[in-house]
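The exercises below are meant to be worked with the sequence and the model side by side. Each one sets a task and then gives a solution in steps.

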Amino acid sequence: MTRKTMHIGLDDTDSTRKGCTTYVAAVLVEKLQKLDAEFTDYPNLIRLNPNVPWKTRGNGALCLRIRYDKNVEGQIKETVVKTVEEQADFECKGTDPGIVFFEGAQIPKEIKAFARNAITDIVTLKDAVKLVSKFGGEAVGFKKGRGIIGGLAAVGETLQADYTYEVLAYRVPENRGLKRCVDEASIFEMDEATAPHTFNNVDAEKHRVIITPRGPDPILLGIRGETPEIVKKALAMVKPLEPVERWVIFRTNQGTDAHLKKVEKLSQIKPYSPVIVRGTVAANPRTIPKRHIIFSIRDENAEVDCAAYEPTGSLRKVVSKLLVGDYVEVYGGVRAPMQRLPLTINLEKIRVLGLAPKMAFHNPVCQKCDRRLKSMGKGKGFRCEKCGLRYRDLGKVEVKLKRDLRRGLYITPTRSQRHLTKPFRRYGMEKRHLAFQGLIDGWHSP
Ligand code: ATP
């Protein structure tokens with residue numbers, strides 16, 4: 001019997017009121033295994049550009065990579081289409097599901113490049129459809145079919161650079177929409193026991209659990225980490241106080257900074273693209289309503305605003321200490337253009353590279369009493385309030401003040417990080433050129 005290889009990309013099945021594309025993938029894992037499909041990789045959860053305007057939540061797309069018997073190819077495709085039809089929230093405007101079937105062990109370079117662009121930029125449905133047909137794939141789109149973009153991008157991102165894992169546990173249907181019940185203490189204990197090999201379990205600043213999402217989607221919790229073994233172990237340490245319907249381990253680009261693209265000049269930044277760019281602080285930080293902080297940076301040719309929003313907590317405090325002349329590298333998404341407002345980078349991280357001296361002008365000191373003198377009015381000199389001595393010819397003295405800010409990297413707190421943001425805990429843990437080792441036994445619930 002001939003075994004073949006297929007990559008199945010899925011996206012845009014959910015809405016803010018129902019569903020989750022990772023759940024469709026989880027259901028399909030079981031259904032496809034019943035058709036004797038063998039998974040050649042964990043289901044891939046690929047986060048795409050977090051700044052696209054069409055996303056529901058985290059702009060995640062999915063890919064299932066399987067080997068299967070040629071005789072069941074029709075059944076496999078039918079099962080995928082039927083499962084999407086059963087699970088997707090078709091009534092919701094803006095939910096435009098897409099499926100991409102791509103055969104063959106190798107993914108063409110052009111599809112890999114399309115995936116890179118979908119993670120760092122904006123791509124079009126037209127280009128996605130063209131590529132699918134150029135390489136003999138098959139695309140199934142529902143409604144506007146926009147999900148084909150994410151489906152193809154998930155097929156094309158084969159996670160050969162840095163990657164991580166996430167185990168997702170799902171709720172039984174009757175509990176969806178109700179408050180999630182998980183023993184919080186067990187999450188803090190799990191975090192301590194598995195650190196630094198798991199990440200983003202809790203927010204240290206607010207002492208808050210963040211593995212349980214809010215909202216009506218079917219996810220009970222998700223634990224992120226460096227290996228499939230550690231996320232599985234971590235799941236076993238957490239005590240759910242409600243039934244878990246199923247769980248699956250995903251391989252993913254979460255926590256890798258894959259979305260951030262280095263841009264040489266400020267004049268090259270574009271709306272909706274996540275960037276890393278350097279500049280000199282051109283205007284001191286100012287607080288705008290809702291406690292957001294804005295400052296601007298410039299280089300030889302351009303100037304842009306940078307924003308640290310209220311939820312960025314400690315990052316906001318750091319940014320508020322910047323001064324004109326500081327040299328910084330900023331990391332973040334470029335906000336959609338708004339009327340009369342300049343291009344703005346929404347900060348995820350900032351690296352302070354150079355600090356400008358903070359200067360102040362003080363009154364001189366009395367040579368007799370060593371006390372600071374009092375001004376007698378502009379250009380009229382100074383007088384000592386203690387001994388009465390007058391100094392008509394003295395001027396203010398310039399003094400260098402200590403800066404309350406150090407050079408270094410600052411990241412928005414865990415609770416306000418993007419799925420793709422690389423957290424502090426992962427620095428030094430990057431998997432460069434580490435070939436994928438294959439699947440562990442028991443990578444999803446029995
Ligand atoms: P969730 O994370 O909850 O599964 P979501 O946030 O992934 O939902 P979707 O419902 O999948 O959001 O909607 C995102 C839509 O944007 C999809 O149709 C996807 O194909 C499309 N899309 C994703 N990335 C890009 C991009 N870089 N350029 C253009 N379209 C994109």
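**Exercise 1. Find the residues with the most contacts inside the largest nonpolar core, and decide where that core lies.**

Solution. The largest nonpolar core has 82 residues, and Ile 8, Leu 10 and Leu 32 are those with the most contacts inside it. A nonpolar core is here a set of buried Ala, Val, Leu, Ile, Met, Phe, Trp, Tyr and Cys residues joined through side-chain atoms within 4.5 Å, where buried means under 20% relative accessible area, exposed over 50% and partly exposed in between, with a 1.4 Å probe and protein chains only. The element that gives the most to this core is α1, with eight residues. Because domain 1 (3-156) and domain 2 (164-254) both give residues to the core, it lies between them. Apart from this core lies another, of 25 residues, including Val 304, Ala 308, Val 318 and Val 330.

A note on the model is needed before going further. This is a predicted model, in which local features need pLDDT of at least 70 and side-chain atom pairs count only at pLDDT 80 or more, whereas totals for chains, interfaces and linings use all residues. Residues are numbered from 1 along each chain as its sequence is written, and side-chain values use heavy atoms, with hydrogens and water left out.

**Exercise 2. Describe the domain layout and the overall extent of the chain.**

Solution. The assignment gives domain 1 (3-156), domain 2 (164-254), domain 3 (261-355 + 409-417) and domain 4 (358-401), and such bounds come from an automatic or database domain assignment. The C-alpha centres of domain 1 and domain 4 lie 73 Å apart, and the C-alpha trace spans about 105 × 50 × 40 Å along its principal axes. The chain has eight helices and 24 strands, and buried residues make up 53% of its 446 residues. Of the contacts with a separation of 6 or more, 72% are between residues 24 or more positions apart.

**Exercise 3. Compare the surroundings of Gly 156 and Ala 258.**

Solution. Gly 156 has its place in helix α5 (residues 147-156) and is buried, with a relative accessible area of 3%. Not counting residues up to four places away in sequence, Gly 156 touches Ile 107, Ile 111, Lys 112 and Ala 115. From Gly 156 to Lys 396 there are 240 residues in sequence and 65 Å in space, C-alpha to C-alpha. Ala 258, by contrast, is found in the loop between β12 (244-252) and β13 (261-262), yet at 18% relative accessibility Ala 258 also counts as buried. With residues up to four places away again not counted, Ala 258 touches Arg 116, Ile 119, Thr 120, Asn 253 and Leu 420. The C-alpha atoms of Ala 258 and Pro 274, 16 residues apart along the chain, are separated by 9.6 Å.

**Exercise 4. Which peptide bond is cis, and are Asp 36 and His 207 buried or exposed?**

Solution. Most residues other than glycine have a negative phi, and most peptide bonds are trans. A cis peptide bond joins Ala 195 and Pro 196, with omega about 0 degrees, and Pro 196 is found in the loop between α6 (184-194) and β8 (198-199). Asp 36, although not a glycine, has a positive phi of about 65 degrees; this residue sits in the loop between α1 (21-34) and β2 (38-39) and is exposed, with a relative accessible area of 52%. His 207 has a positive phi near 50 degrees, is found in the loop between β9 (202-203) and β10 (208-209), and counts as exposed at 58% relative accessibility.

Notes
Helix = DSSP H or I, 4+ residues; strand = E, 2+ residues; numbered from the N terminus. Contact = heavy atoms within 4.5 Å.
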